[in-house]
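Please look over the model below before reading my comments.

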Amino acid sequence: MGATILIADDLSFMRMIQKEILTERGYSVVGEAADGIDAVNKFQSLNPDLVLLDITMPNMNGLEAMRKIFSINPKAKVIMCSALGQQSLIVEAIRAGVKDFIVKPFKPERILSAIEKALRSA
Amino acid sequence: MSAAPGPDDGRLRRAFLEESEELVQKLGETLSALEASPESRELVNEIFRLTHSLKSEAALMGYTSLSGLAHLMEDVLGQIRSGDLALSRDVLDRLVAGADRAAVLMNEISQSGKESESGAEDVVTGLSTLIADRRRPVARPASNGAPPAGETADGNRETPFNEVELRRIAEARDRGESLVRLTVTVTPDEPMKFVRAFLVFSNLEQAVNVIKVVPAMDGAPVDDSLYGRTVFYLTAPLGGDTLKDAARVDQIASVTVEQMDYPSGGSPRDGSGAPAGTEMTGRTAPAEKTSIRVDTRKLDELWSFVAELVLHKAHMSRLSDGVARGMDAESIREELVESSDSLEKLSSGMQQAMRDTRMIPISIIFNKFPRLVRDLSRKLGKPVDLVLSGEDTEIDRSIIEALSDPLTHVIRNSLDHGLEFPEERVRLGKPERGKITVSARRQGGTIVIELADDGRGLDTDRIRQKAISLGIPGAAALGDAEVRELVFLPGFSTKDVVTDLSGRGVGMDVVATRIRNDLRGDVELVSEEGKGTRIILRLPLTLTIVNSLLVADEAQMYAIPLSDLDSTAKVPAAEISLQEGGEAAPWMGDTISLYSLAGLLGRERRPREEYFAVVLRHGESRGFLVVDELIEEREIVIKPVDDLVNPLRLFSGVSVLDDGQLVFILDTSFIRRDNF
Amino acid sequence: MMKEDAADAQGSPSSAQGSPSRRYVSFILGTGRYCVPVDQVMQIIRPQGILSVPKAAPFVPGVINLRGDVIPVVSLRARLGISDAQAAQGAGGTAGNVASRARIIIIRMGSRVCGLMVDDVREIVDINEASVQRESNQEPGAHAQFTGGVAQRDGTLFLILDLQRVLSAGRDLQGAAQV
């Protein structure tokens, strides 16, 4: 199905690439956010099936944004994008409920398979 | 990494250049600012973000030198942030050199599309030595001293469990769960194996009972490479997708699920003899068995029904002998009526008994709550006592799935929004520890589940105001109870319901929908402001599960409840006659109406020599329904179907099969000539 | 009272005039721009996997399986009687066409959940209650029957859909279905 996805990353270039990869696969990118606050707002108003969240963003980092998103909807599907070496951050994110994480720089197959699996899970 | 992108990536390249050039420029500027005020944490963070972004973008476009350089700078800054490295003049100089070098590379890329691979060695060395000195030791022994799991996953190898674990396993066994060993391997080139395994662990913990993990996962992560292969020992009810879903994590190469024997002293295994071990990579499903545990008392009851059936059979055969011997019609009729009555009772008794074997105690769901409450209470900093009662109230297996989520959600809500923080509670004269009670009981033909907390309660006035402002007609005139009902409408945020600010209670209306639509139950809210909230769920005992016959028309399946069926039959085309009200055909010495499924659905029936049909039953009436194919009997869960889809009331509901197929359930009350 | 409360992202921010405004999701049908309240919108998806159901209402192309629930899909074009000849620019062809901008807006009205098929989904707008004209002297026909009001915002006319009427499965359906 054409699942709806919200992309949050402070780099417009990154967002563009992600959007292309996702749209080509038939997903529907319903929103883009450039910082944590925007991400939370857009999550509330758009209620996407899944959120791609970068962990380092201005105005509220990814971890906080993620917590807020989970307090809005505990069953939200969030995939975190992070850089190599932020292990403790990722562990925290997992504890908070993130579905999966992708290490940047990522290959398109990686992000797509992570999304697919996350969407299929309960 | 790939070489520089080709001409057809023009747009991407331009976007990359634009953004990266800006990044590099900002990098230089921020570094200058940092030189002027080296104590500024903000600037350090900003530079960290810049180098991080630059690294990612460059890597995506295949510029390894630039990306590597940015990565180094990011690492250095990371250490500065964490306090492991002091920001000395020397360190700053090296960073500035790095930024300069990045600018040069950026220039080259924008001019020629390529970066020079060499020329930056001293800059790179300058930066890398800064971190090399401080890199943490990587190898540390596993924390719990347990031996790592063996090489091959052979069936019943005993694993030492400690006393606590054995006790938990025994409790799980009594609940009817199976002991499972789940082995997970991470793809070899994944750099963060521990975290991948931890992700699976976290998913499992939320869904089932994890007894033991090897290597252990409590506390600090250790040698990452140890987690290339992680073994989870857990207990779970068999069947369903929970284990599959939990392991459905990116970069997990394979998952093996094996059902294990209970450790010494355990009861005989459920299901068949050999353990169900299967390889699962990515999509293919594991061969999880669908066997269940049944209370032997229920089996005894079923057995007594079978015994009665045997007696009944004997009676019938005596009766037929009697007929042969010339018994008079009146006596025959009497005996037959009596027989049919007792058969009626027998069959409904058996149905009920069978249904009972599907019932399991609600403790299956309740058992997840203590951990949930403990975790949340810890996370939020609100000490809470959870009181459960009525755990052995039995409910049908199929509702278990559907109930779990709404109940969990309500409890979360209580903890998140309902209960006050301990300081506030003390101030209000309440006990410091909050209290949540969950109870279940049977009341006649319904199950009543109550969840209560002694928190803030609902602020009815506030809800009313919100309703008025949302333009809900007549809001001002609503009584307190009705106002509380409004909470279930979409558009209400829990924030307005409880005097606290956080998030949108998107769940309450979903909970209500789940309970009302899926489970055909009811939800009620009772609350006293300042004292607490009580949510009462009422669910019918007999469910929307119907034993049906699946039939097909043109490759689309439909279901007919068995209770509406008399039998199946084959009708030769030659025997179909056209009567006044429609078609008819002979059956058991009578002529009854004949309908075709195709016709009901608005199509032409495909002509055949002999048709498959079912004999529908509605009270005393009988009628043929010709179909394309008779498939099989199946128990299906019926969900309601909107009137828009079903304006002619052809269907009484719809069911979603395990594979996602939709099957509409036919409403067979049309057996009347005029409806055709 | 309510006006003093801090507005949350999904609630009712007060306008300068002091009357509440609601947030709507706007979309295109033919040449018109319509909208529905954002708090009734659950999701927006691409038209895929619509299973046609025999003898459904004529403006219901079928149902979709949305996470286990069977949801009817209503073609708003068909329901409102907007002909294909009025196709707007940018609106694509059939649902199967990848370039199509058609979407299904999943809405919830009370306990009913439904999908509305539209030509294109646009932005979220705040519409002040006071600016909504109920008695519209707009073109008769589709609009009058299924819209609950009209509002102007930045030069664009937004027709507010009356979901109750759109989704009503009254007697008129029986007649229509048998056509």
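This is a predicted model: local features need pLDDT of at least 70, side-chain atom pairs count only at pLDDT 80 or more; totals for chains, interfaces and linings use all residues.

1. Residues are numbered from 1 along each chain as its sequence is written, and chains are lettered from A and ligands numbered from 1 in the order in which they are written.

2. In chain B, helix α3 (residues 64-82) packs with helix α4 (residues 89-112) at an angle of about 160 degrees, their axes being 10 Å apart. The helices α3(B) and α4(B) are therefore roughly antiparallel (an angle over 145 degrees).

3. On the side of α3(B), the residues that make this contact (C-beta atoms, placed from the backbone, within 7 Å) include L66(B), L69(B) and M73(B), and those of α4(B) include L95(B), G98(B) and A102(B).

4. The buried residues of α4(B), among them L95(B), G98(B), A102(B) and I109(B), are those with 20 or more other C-beta atoms within 10 Å of their own C-beta atom, placed from the backbone. After α4(B) comes G113(B), whose phi is positive, near 80 degrees.

5. How many residues does each chain give to the contact of chain A with chain B? Chain A gives 32 residues and chain B gives 28 residues. On the side of chain A that touches chain B, α1 (12-24), α3 (62-72), α4 (87-96), β5 (100-104) and α5 (108-120) each supply at least two residues.

Notes: Axes are lines fitted to C-alpha atoms, for helices over the stretch in contact, and angles run from 0 to 180 degrees between N-to-C directions. Helices (H or I, at least four residues) and strands (E, at least two) are DSSP runs, numbered from the N terminus. Angles under 35 degrees count as roughly parallel, over 145 as roughly antiparallel, 65 to 115 as roughly perpendicular and the rest as oblique. Two residues are in contact if their C-beta atoms, placed from the backbone, lie within 7 Å. A residue is buried if 20 or more other C-beta atoms lie within 10 Å of its own, exposed if 12 or fewer, and partly exposed in between; C-beta atoms are placed from the backbone.
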